[in-house]
Amino acid sequence: MADVTYLEALRQGLWEEMERDPRVFILGEDVGLYGGAFKVTDGFVKRFGEARVIDTPISEAAIVGAAAGAAHMGMRPVAEMQFIDFISCAYDMLTNYVATARYRAGLATPIVVRGPCGGYVRGGPFHSQSPEAAFFHTPGLKIVYPATARDAKGLIKAAIRDDDPVIYLEHKWLYRRIKEPLPDGEDLVTPIGEARVAREGKDLSIVTYGATVWKSLEAADQLAQEDGLAVEVLDLRTLLPMDDAAIMRTVEKTNKVLIVHEDTRTGGVAGEIAARINEQAFAWLDGPIMRVTAHDVPLPYAPTLEDFVLPQTEDIVKAARWLAAY
Amino acid sequence: MASHAAPTPQAPAVPAGLTRAQLLEIYRYLRLTRTLEERLVALYRQSKVVGGLFRSLGQEVESVASAYALERGRDILSPLIRNLGSMLVMGAEPIAILRQYMAKAESPTHGRELNLHFNDLEQGYLGQISHLGDMIPVMAGIALTFKLRGEARVGLVYIGDGGMSTGTFHEGLNFAAVARVPLVVIAEYNRWAYSTPPEKQFAVKDLAEKARGYGVPAVTVDGNDVVAVYEATKAAVERARRGHGVHLIEVKTYRRKGHAEHDDQHYVPKDELAWWAKENDPIDRYARRLLESEWATEDELQQIDAAARTEIDRATDACVDEPLPVGASALGGVYADPLAAPRHWYRSL
């Protein structure tokens, strides 16, 4: 088993689904001969041809809308947003057209909209966004967000096979930073809607997803060494639908919970998680539900500014220490 | 029987490759459209229609004649709110439309969506959503699928003079043109977008000019002329079917009612309305042409009119007293899985 990066795992997952199912095709900007801005679809056009790897104009609404129309006809389109920041250009199409189609009209719309998200890469305000909260509020969509190479592969396969529209968020900071051995020739599928315990612990739970899974694991190591704390880290993997049962299990086990995400705080996913814990596991809590998130500002470019705004490992360590002592 | 007599030898040749039976069938769809809408007005006034009511009075011809150029059961169109006639042509039943307007449990969307917002892809229509322009990319995707699969099928999508100002229209038309998908766009110039006149909506004279900016061949025709609309659409559909990409047909017509039934049209010059009603009603025009050309007799048209009334009467009687959907049915069908959204805890207290 060779080590496979997060990006290569995603690429493998896409490739294998294209091989497995002739209904799957890719459309997006510069995805063909160029192979995508991050080379996720490098070599695809050579293998699968221009009819299944379609270069489009710079038109996110048309990309998503055309994917929806094709999906109604039984195809399985995978639409790439060159950077996920541009998914806002397709917000109308996703929330009004795609998300409502099954409910209002009984129309199956099995599309995947995927793209590189997230910061820690000095991308500035428009190449670093975390768009999940804008779509988390929309019934009819699913949102998956892998943190590991294994899940990058497993979730793209699950997303393509799902009968509903799925937004697949891939963190560009993880693309080449994370690698792990993956078995060859095995059909790795990560079920949508199931969280994963990334680290077992008994003293305190961190509920998180995406790049901050790794920051939280680093913090947990440090807290174990310096404070003797056994911190449990729950990687949500799917944001919509959320795995409430897994969240309540870890709350009932440790009785203290810190929610960590890279997105800004106000109206973020952490608020919803806190509300659910309050409704479903209030009696199990031995302390307040606390959040570590980005500050409520657009994400700035300069390293000093970006580092200040985004949650860092040290922030998680400090917040966890405070909560453990509560 | 005299009323079914064949045209006399002196009658002009039936136009556009249509048979006499087809000319009468087009008349039947026109009459059915207007009769159904008139019935909906009555139901609206009795508060049986739950939401707003949208009329196509004065522009029925462009809907029916354009849809009639498609192959039913093969091609797919996407109508706007004033294209009721196009849906009837593709096979939608009047009772489905009555149920939709009255939000009945048995309506195609089980009370979830309004009026013409429903679909049957087997019959060949995909209902719009309210966000104008969105159906252009979606229909581009449907036409793209026809092309990818090598199917000789065509998509047709309607857009209004107002809807052509949206971003999705431009993105969708450009994408469709670049991808050379088999799509026909019917651009309706009906003078009013809610209350907004053309001079506040766009700076070109004809909507067809916009298409040329995307390399899309376009023509402008009299939208109240059955034969002109049918011939232009038929030619575009055949070219699209042969792989010649996107075509746009601008149909000039006139919206004689307000945006919806509540709209008193105070912004419309009264003499303008009167002129279109008296001089350019598209169904009257068509009936006159059928009679003058001896393609139909007075009796035949009267029989079609009476049959349309009977059909709408029966459809109304069959559904007007049906129940609305049960409230809790609102939770189902957001996803394929899970099957239903959870009911809130306090609803079970």
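Predicted model: local features only at pLDDT ≥ 70, side-chain atom pairs only at ≥ 80, totals over all residues.
Let's start on the chain B side.

What kinds of residues are they?

## Chain B as a whole

Now zoom out to the whole of chain B. You can pick out 11 helices and five strands in it. Its radius of gyration is 21 Å, close to the 20 Å that the globule rule gives for 349 residues, so chain B is as compact as a globular protein of that length. Along the principal axes, the C-alpha atoms of chain B fill a box of roughly 80 × 50 × 45 Å.

How much of chain B is tucked away? Of its 349 residues, 48% are buried. If you take the contacts in chain B with a separation of 6 or more, 75% of them are between residues 24 or more positions apart.

## A covered helix in chain B

Helix 4 of chain B, residues 94–101, is worth a look: eight of its eight residues are buried. Among them are Pro94(B), Ile95(B) and Leu98(B), along with Arg99(B) and Gln100(B). So what does the covering? The cover over these buried residues includes helix 1, helix 3 (84–90) and helix 11 (298–319) of chain B.

## Two domains in chain A

Over to chain A. Its domain assignment gives domain 1 (3–181) and domain 2 (196–324). The C-alpha centres of these two domains of chain A lie 26 Å apart.

The two domains of chain A also touch: 25 residues of domain 1 are in contact with 23 residues of domain 2. On the domain 1 side, helix 6 (132–136), strand 6 (142–144), helix 7 (149–161) and strand 7 (166–171) of chain A each supply at least two residues. That side of domain 1 of chain A divides into 14 nonpolar, seven polar and four charged residues.

Most residues other than glycine have a negative phi, and most peptide bonds are trans.

You'll find Lys39(A) in the loop between strand 2 (24–28) and helix 2 (44–48) of chain A. With 13 other C-beta atoms within 10 Å, Lys39(A) is partly exposed.

In chain B, Ala16(B) isn't a glycine either, yet its phi is positive, at about 55°. Ala16(B) sits in the segment before helix 1 (20–45) of chain B, and it is partly exposed, with 16 other C-beta atoms within 10 Å.

As for the peptide bond, the one joining Leu240(A) and Pro241(A) is cis, with omega about 0°. Pro241(A) is in the loop between strand 12 (238–240) and helix 9 (244–254) of chain A.

Technical notes: Residues numbered from 1 in each chain as written. Chains lettered and ligands numbered in written order. Domains from an automatic or database assignment. Contact = placed C-beta atoms within 7 Å. Helix = DSSP H or I, 4+ residues; strand = E, 2+ residues; numbered from the N terminus. Nonpolar A, V, L, I, M, F, W, Y, C, P; charged D, E, K, R; others polar. Rg over C-alpha atoms; globule rule 2.2 N^0.38 Å. Buried ≥ 20, exposed ≤ 12 C-beta atoms within 10 Å, placed from the backbone.
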